[in-house]
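Colleague: Could we go through this model together, one topic at a time? I would like to begin with the aromatic rings.

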Amino acid sequence: MAMSPVVTYDSTSNIKVTATKAKSLAVRTNSISKPQNGSTSEPGRGQELAERLNDETKQKYVKDKKLGEGTYAIVYLGHLKADPSSLLAIKKIKVNTEYRDGLSMDAIREVKYLQELSHPNIIALHAVFSSKNQNLNLVLEYLPLGDLEMLIKDSEGIRYGTAEVKAWMGMLGRAVWFCHENFVLHRDIKPNNLLIAADGEVKLADFGLARSFSDPYRPMTYQVITRWYRPPELLFGARFYSGAVDVWSMGTVFAELILRFPFVAGNTDMHQLELICNAIGTPTEENWPGVSKLEGYLKYDKAATIPVRGKDFYLSKFGTAGPVGVDLLMSMLALDPRKRCTSREMLEHKWWSSEPRPTAKEDLPKKGGGPERMGEDLKRRGGEIEDGRGDRVARKLNFGVAKS
Amino acid sequence: MTEDDIYRTSTQYRLWSFTRESLASLRSTTNASAADGVRAAIRSQHVGQAGSDPAREGSNDKPSDPAKEVDCLTVEEEQKLVGFYCVKAMQFADFCEFPTNVKATAVQYLKRFYLSNSPMTYHPKEMMAAALFLSTKTENHYTSLRSFASKLPKTTPESVVAPEFLLTQGLRFTFDVRHPHRGLEGGIMELLGLAQGKGQAGPGIKQSSEQLQKEMVDIEPAKESSKKARSADEVVRRIQVAHGKAKEVGKSSALLTDAYFLYTPSQIWLSSLFLADEPLARFYINTKIPTTSTLTPKLISTLQSCAELLRSSASANPGEAEIKALTRIDKKLFKCRNPDKVDLVGINKAQKRDSKGAGENGLDERVIKKRKLEREKSEKEAEGIFGPTLAKETN
């Protein structure tokens with residue numbers, strides 16, 4: 001496959017604001033306030049500025065073949081009209097006929113956050129336009145090389161070591177740090193939401209469950225994050241939480257990258273908690289002050305309490321990461337979210353500066369999921385995974401009629 | 001990456017920040033093109049009527065252009081009207097007990113929408129409910145459409161979502177609004193920390209926490225009439241008073257003026273602190289930037305001009321005279337509304353129907369006729385102050 005698309009941004013959605021403010025403002029207002037007088041004569045009558053801008057955006061892209069279709073979206077391969085060699089993914093969000101409350105929350109969240117977050121490790125949203133029947137179309141960066149889940153699962157075909165894990169975790173960590181720096185919680189970090197670009201760069205995708213940090217005292221739902229990657233505080237029903245939930249998910253991804261199978265893969269929420277107790281330790285007032293006050297906290301029998309695992313346990317399981325890597329993993333998987341490292345602390349950890357150096361992205365193992373895999377990954381709505389695994393998914397957000 | 005760098009990547013900066021001049025020119029362009037649209041629509045409607053009813057047009061050879069006589073709204077009148085419905089949106093938000101961010105975002109949605117749309121094309125009364133509903137969704141305060149619509153008078157679920165698509169298009173599919181409120185809370189926490197001797201000055205400033213705490217007691221009073229603080233406790237009380245006042249500004253004039261278009265969230269909250277207690281605000285800034293820095297006078301002058309704007313705000317409770325003026329504008333608007341865009345519920349339905357491949361010629365015409373009847377009926381009913389009631393479902 002060629003390289004990732006070189007997209008020429010129009011001045012109105014220029015992501016790299018290099019010009020001085022005054023200058024970029026001048027450019028911007030020009031493009032918004034100058035209707036093209038010539039072209040507005042007949043077909044343009046009754047067409048407002050916003051409509052015209054939308055049409056202009058729409059005209060710039062061409063949809064090619066369909067890559068995948070889900071209940072929530074259809075994904076197409078596309079290109080820039082001006083550059084047929086460019087590659088893009090166009091995700092058309094279906095208007096759900098059963099959902100009568102207008103634009104769905106998933107679509108709103110995805111558009112809202114991707115519009116704001118531009119970072120090399122977050123899937124780029126180049127443009128949004130609507131087709132005439134009020135469908136939303138998201139023009140996304142084309143990521144043809146599948147996702148991390150594919151690489152993890154293919155233990156026969158794909159070999160990798162600590163240096164590769166370090167490279168992937170570094171990219172994931174930077175993406176999540178950037179989200180948190182922008183007051184955004186992702187709330188659905190897992191290997192198949194980590195897509196791979198043609199050059200090997202990992203990109204965090206699927207912002208359908210993302211939200212801004214809550215204001216103090218404003219409760220949030222705990223029914224987020226796919227179960228295997230969900231932290232104990234959410235399993236206990238915490239309604240006030242922080243970026244620590246994403247750090248836990250990253251910790252489980254880290255563990256999975258090393259083990260090459262999911263670290264704690266419960267079949268139910270209860271089972272998930274049980275597995276966490278076994279693998280990491282039983283949450284108690286001693287190791288997590290205040291935990292017993294959480295709504296969903298389970299009284300554990302003193303005798304059945306499993307002490308928090310020490311470093312030896314982790315070294316025996318994740319020894320390939322080395323003692324420093326294990327140290328990072330342990331701090332990402334701390335039961336008490338207040339003791340868990342933040343995404344910033346994660347990036348400041350000494351593991352990154354110790355041997356081995358992370359593999360350069362172009363040398364990372366590739367599987368080549370192909371465009372179809374991207375279609376599969378993108379057609380899901382937030383939190384959704386392929387058929388058959390649906391029961392393990394956090395999909396019960398409390399939106400009333402929002403979910404069919 | 002500094003906070004400024006991050007802010008510059010936001011859509012609020014990239015798409016919704018302006019200079020005063022560019023803002024004014026954008027608004028006048030929108031006004032002019034909407035007025036053209038109104039005239040064109042009236043003209044074509046008139047031609048249609050003349051064709052089907054030649055008796056009415058007795059003097060056919062004297063082509064009097066009905067569109068020429070239409071007295072369109074000025075930019076100022078549009079602004080007043082939109083401002084009024086922003087206030088209405090805030091009142092509804094309060095009535096529904098929505099949190100500040102929902103309210104504030106809804107108001108900004110309206111203001112942003114009417115940068116590229118005119119009330120002559122889309123009446124703010126209809127956009128208001130759509131903006132508030134959309135903001136409950138984007139600000140994580142989702143309320144079901146049915147219960148939302150039931151709280152507003154003369155509102156059906158259909159009339160709330162019918163303009164939603166237009167609204168999102170007018171917002172250019174950017175839903176994030178960066179507010180000054182969180183910044184203010186942070187600043188107040190820092191001030192309280194300073195007052196309790198736990199604060200720390202920014203880089204390049206050498207005062208210790210204790211020194212800062214002492215200096216704080218000596219800040220001159222907010223107003224000449226009020227007395228100087230004598231203890232750290234009194235400083236705390238002073239901060240709390242300033243907090244309350246600044247918060248009020250953040251909930252009212254910061255939203256209703258063009259502050260969001262012209263200034264950054266941090267400039268807005270600092271300016272509202274400036275309005276609440278200028279000496280305190282200056283002290284705070286001096287703990288961040290050395291007084292000798294060339295940045296300080298620049299920042300202060302920006303804050304002063306922003307504070308000036310915030311002070312000038314139209315009140316959140318329009319008086320009798322204002323209501324009178326608004327009534328006049330709305331009456332005027334009644335005569336210069338774009339007739340093609342009155343029935344948003346119908347337009348929305350038609351668009352969705354078209355997309356499904358149904359709704360060929362015959363049906364369309366029938367719908368158009370039905371809609372026209374509906375319109376005429378609602379025009380007759382239009383004796384209320386703010387124009388006709390919302391269009392009912394046609395089928």
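**Aromatic pairs and other contacts**

Colleague: How many aromatic pairs are there over all chains?

Modeller: The count comes to 22 aromatic pairs over all chains. Please keep in mind that this is a predicted model.

Colleague: What is the arrangement of the rings of A:Tyr160 and A:Trp168?

Modeller: Their centres are 4.9 Å apart and their planes stand at 85 degrees, so the pair is edge-to-face. An angle over 60 degrees counts as edge-to-face.

Colleague: Are A:Tyr160 and A:Trp168 buried or exposed?

Modeller: Both A:Tyr160 and A:Trp168 are buried.

Colleague: And how are the rings of A:Phe254 and A:Trp351 arranged?

Modeller: That pair is tilted, because the planes make 40 degrees; the ring centres are 5.1 Å apart.

Colleague: Why do A:Phe254 and A:Trp351 count as buried?

Modeller: Buried means under 20% relative accessible area. A:Phe254 has 0% relative accessibility, so it counts as buried. A:Trp351 has 1%, so it counts as buried too.

Colleague: Which residues do ring pairs link into a cluster?

Modeller: The cluster consists of A:Phe236, A:Trp288, A:Tyr297 and A:Tyr300.

Colleague: Let us change topic. What is the strand order of the open sheet in chain A?

Modeller: The five strands of this open sheet follow the order 1-2-3-5-4, and the pairing is antiparallel. At the edges are strand 1 (61-69) and strand 4 (125-130) of chain A, each of which pairs on one side only. From one strand to the next, the twist averages 30 degrees.

Colleague: How many bridges join strand 4 to strand 5 of chain A?

Modeller: Five bridges join strand 4 of chain A to strand 5 (residues 136-141) of chain A, and the two run antiparallel. As one example, A:Ala127 has A:Val139 in strand 5 as its bridge partner.

Colleague: Which strands does helix 2 of chain A touch?

Modeller: Helix 2 (residues 49-59) of chain A packs on the sheet and touches strand 1 and strand 4 of chain A. The direction of helix 2 makes about 120 degrees with that of strand 4. Helix 3 (residues 105-116) of chain A lies across strand 3 (83-93), strand 4 and strand 5 of chain A, and runs at about 135 degrees to strand 4.

Colleague: Now the charged residues. How many salt bridges are there over all chains?

Modeller: A search of the whole structure finds 30 salt bridges. In one of them, the side chains of A:Lys153 and A:Glu149 meet at 3.4 Å, N to O. Both residues lie in helix 4 (residues 148-153) of chain A, four residues apart, which is about one turn of the helix.

Colleague: Which salt bridge links distant parts of chain B?

Modeller: B:Asp71 forms a salt bridge with B:Lys332, and their closest N and O atoms are 3.9 Å apart. B:Asp71 is in the loop between helix 3 (20-52) and helix 4 (75-95) of chain B, and B:Lys332 is in helix 18 (residues 320-335) of chain B, 261 residues apart. B:Asp71 counts as partly exposed at 49%, and B:Lys332 as buried at 15%.

Colleague: Which residues are linked in a network of salt bridges?

Modeller: The network links A:Lys112, A:Glu116, B:Asp176 and B:Arg178.

Colleague: Finally, what does the UniProt annotation cover in chain B?

Modeller: The unreviewed UniProt entry carries the annotation "domain: Cyclin-like" for residues 87-169 of chain B. In the model, that span is 71% helix and 0% strand, and its end C-alpha atoms lie 23 Å apart.

Technical notes. Residues numbered from 1 in each chain as written. Chains lettered and ligands numbered in written order. Predicted model: local features only at pLDDT ≥ 70, side-chain atom pairs only at ≥ 80, totals over all residues. Heavy atoms only, no water. UniProt positions renumbered as here; feature names shortened; annotations may be inferred. Pairing = 2+ DSSP bridges. Axes fitted to C-alpha atoms, helices over the stretch in contact; angles between N-to-C directions. Contact = heavy atoms within 4.5 Å. Salt bridge = Lys/Arg side-chain N within 4 Å of Asp/Glu carboxyl O. Buried < 20%, exposed > 50% of the residue type's maximum accessible area, 1.4 Å probe, protein only. Phe/Tyr/Trp six-rings, centres within 6.5 Å; stacked < 30°, edge-to-face > 60°.
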